[in-house]
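Here is a short tour for anyone who likes to keep a model open while reading. Shall we look at what holds together with what, and where?

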Amino acid sequence: MAELALTQRMPNSDMGLRDESLVIGQDFSGVDACRRDMVEQDLTSTATNLDVGLPDQPLVIGQEFPDVDSCRRTLKDIAIAMHFEIRIVKSDRSRFIAKCSKEGCPWRVHVAKCPGVPKFTVRTLHGEHTCEGVQSLHHQQASVGWVARSVEARVRDNPQYKPKEILQDIRDKHGVAVSYMQAWRGKERSMAALHGTFEEGYRLLPAYCEQIRRTNPGSIASVVATGQDNCFQRLFVSYRAAIYGFLNACRPLLELDRVHLKGKYLGSIICAAAVDADDALFPLAIAVVDSESNENWMWFMSELRKLLGVNTDSMPRLTILSERTMGMVEAVETHFPNAFHGFCLRYVSENFRDTFKNSKLVNIFWNAVYALTSAEFENKIAEMVDISQDVLAWFNHFNPQLWAVAYFEGVRYGHFTLGVTELLYNWALECHELPIVQMMEHIRHQMTSWFSDRRNMGMRLTSILVPSAEKKIAEAIADARCYKVLRANEVEFEIVSTERTNIVDIRSRICSCRRWQLYGLPCAHAAAALISCGQNAHLFAEHCFTVHSCRETYSQMIYPIPDRSLWKEPGEGAEGGGAKVDITIRPPKTRRPPGRPKKKVLRIESFKRPKRVVQCGRCHMLGHSQKKCTLPT
């Protein structure tokens, strides 16, 4: 007789499963018996192959439970695993009685409280089933609470676990179908059990800010409530380690942006980020507000000004990049009136592309953007006007002095787009389902990891400059070989090529091509002049590109914050007679509307400028430079 290997039987048969596998020619007493055996075979296969489903120990007389809820949960798990439904006959503080929901089936369990102790014990158990069990995928015991317990471990590891994934996994592992709403609510309940509720997060904000100030002295952490109900309005956090790194080692450049949250109470994250020596983002200040408004931007820039304090007087003039919305512009002009406030080139270029939808115009536009002189810029504008007269009106709306390399007065060090935008979108994606305190803790953990990794990287470097600057200097030195150098005096040089002649002043660190001033690193003309007089080009880079600056940026630590069980609650005094946290913050009035939130896809590729087409200065052909030209001189 040929055997049909449908499954491997589990060694434990105390739960009513048969020991034999199905074989060809096997006899059954009736249709119900055949169906029951198939259900049991399918159940055992699922439990064996997926290592889930059946409890580790079946019910036995004398088995103990710590409380009645634990007993109820265990019975529910057994019922789902065995594909039968139970009906609760009695459930109170001293006993729990349940039986199979099918009429006539003898399965029944009686659990009672042990005298003198809080435990419950199985007193009576009829473990045999004579019914056919549950024939459909729907199960009465598969409640929202059961779904929450089933997915808790997965949600802990992956907060982005989606309801539709929960649906499929529960069906695969347990053979049960639950609705999308059950999966969504089960995940929400599991998240609340792991991280607390959104409402609890707002209530803990005053204590959380106090913990930041206590564990990281010199840090700024404040929360603002509004109205008689003390509804949340604003949260501002900046760690002393970030403040020290920016003031003492980062270039005077800040990126401003915001992203909208899609959690239960909506809101926005605002961030001011600097750039470190190796071109990595350096978050300086983070805020969460109930909504993006001109008032909230004014408040954020006011807090940022207080954070920098009198140090800004001794710093070089700040350059600030943003999308220049009305609220941003007014706030920067009020609190940083001397700063250079420019457009993010991604924002400007996307507007230009969407306005004209002409690839030829877009290519000429990018050439105009990176033109180093006003003459080159105006030539490109003339080319665009020949294609479309509407370009002039667009340039009146977007003043080139706020974004064009030839006209913008601030120093951007080669940073023309907002890298902080991608960072904010990642934070919003990773944290939108977390309460506000857990979201800020996620950001703090990420910053702590960055500080540690970059501090260790800086200690391993043995060069003068950081790797990205070293690479650019090496390229400038390689390009300098094809230039002829004429020395005028000790500090001034004339650099001659077939394309044009440039004047370099190594004392003032100026080149007439303007690249040295714009990027902070010696250009190829400057490198040629420095090499000709025996100088090391690496020593003429801005101090913010040095390894010493990199180490100084991350020299301070972001210290850990104790578990929230150790924080003092609103109304309680601090240890040692400290200040009292006497305000209870409630959630903002805004609520997420019903339905699935709309997704905004961030086009990461738009952060990179299109590749420029190189034109040879000798033969005037496209695709190669003068250095690689094969035309004889």
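## Salt bridges

D257, R258, E292, E323, R346 and E350 are joined in a network of salt bridges; a salt bridge here is a side-chain nitrogen of Lys or Arg within 4 Å of a carboxyl oxygen of Asp or Glu. In the whole structure, the search finds 23 salt bridges. This is a predicted model, in which local features need pLDDT of at least 70 and side-chain atom pairs count only at pLDDT 80 or more, while totals for chains, interfaces and linings use all residues. Residues are numbered from 1 along each chain as its sequence is written, and side-chain values use heavy atoms, with hydrogens and water left out.

K119 and E64 meet through their side chains in a salt bridge, at 3.6 Å from N to O. K119 sits in the loop between strand 4 (108-113) and strand 5 (120-126), and E64 in strand 1 (residues 64-65), so this pair ties together parts that are 55 residues apart in sequence. Helices (H or I, at least four residues) and strands (E, at least two) are DSSP runs, numbered from the N terminus. K119 is partly exposed at 41% relative accessible area, and E64 is partly exposed at 46%. In these terms, buried means under 20% relative accessible area, exposed over 50%, and partly exposed in between (1.4 Å probe, protein chains only).

## Two more pairs

R154 and D169 form a salt bridge whose closest N and O atoms are 2.9 Å apart. This pair links helix 3 (residues 144-157), which holds R154, with helix 4 (residues 163-174), which holds D169, across 15 residues. R154 counts as partly exposed, at 37% relative accessibility.

For K472 and D279, the closest N and O atoms of the salt bridge are 3.6 Å apart. K472 belongs to helix 18 (residues 467-480) and D279 to the loop between strand 9 and strand 10 (281-289), so the pair ties together parts that are 193 residues apart in sequence. K472 is partly exposed at 39% relative accessibility, and D279 is partly exposed at 27%.

In what order do the strands of the open sheet of seven strands run? The order is 6-7-10-9-8-11-12, with mixed pairing; two strands pair if DSSP finds at least two bridges between them. Strand 6 (220-226) and strand 12 (340-343) are at the edges with a single partner strand each, so one side of each has no neighbour in the sheet. From one strand to the next, the twist averages 20°. Axes are lines fitted to C-alpha atoms, for helices over the stretch in contact, and angles run from 0 to 180 degrees between N-to-C directions.

Strand 11 (residues 319-322) and strand 12 run parallel and are joined by four bridges. Within strand 12, H341 stands opposite I320. Helix 11 (residues 326-335) packs on the sheet and touches strand 8, strand 11 and strand 12, its direction making about 145° with that of strand 8. Helix 7 (residues 205-215) lies across strand 6 and strand 7 (231-238), at about 165° to strand 6.

Q517 is found in helix 19 (residues 515-519) and is partly exposed, with a relative accessible area of 29%. Leaving aside residues up to four places away in sequence, Q517 touches V411, R509, I510 and C511, where a contact means heavy atoms within 4.5 Å. V411 is 106 residues from Q517 along the chain, yet their C-alpha atoms are separated by 7.7 Å. The Q517 side chain also reaches the backbone oxygen of C511 at 3.1 Å.

R514 lies in the loop between strand 16 (510-511) and helix 19. Its phi is near 75°, a positive value in a residue other than glycine, and R514 is partly exposed at 24%. L266, also not a glycine, has a positive phi of about 55°. L266 is in the loop between strand 8 (253-260) and strand 9 (268-275) and is partly exposed at 30% relative accessibility.

## The whole protein

The secondary structure comes to 21 helices and 18 strands. Of the 633 residues, 47% count as buried. Among contacts between residues at least 6 apart in sequence, 62% join residues at least 24 apart.

Notes:
Polar contact = N/O pair within 3.5 Å; in protein donor to acceptor, adjacent residues only side chain to side chain.
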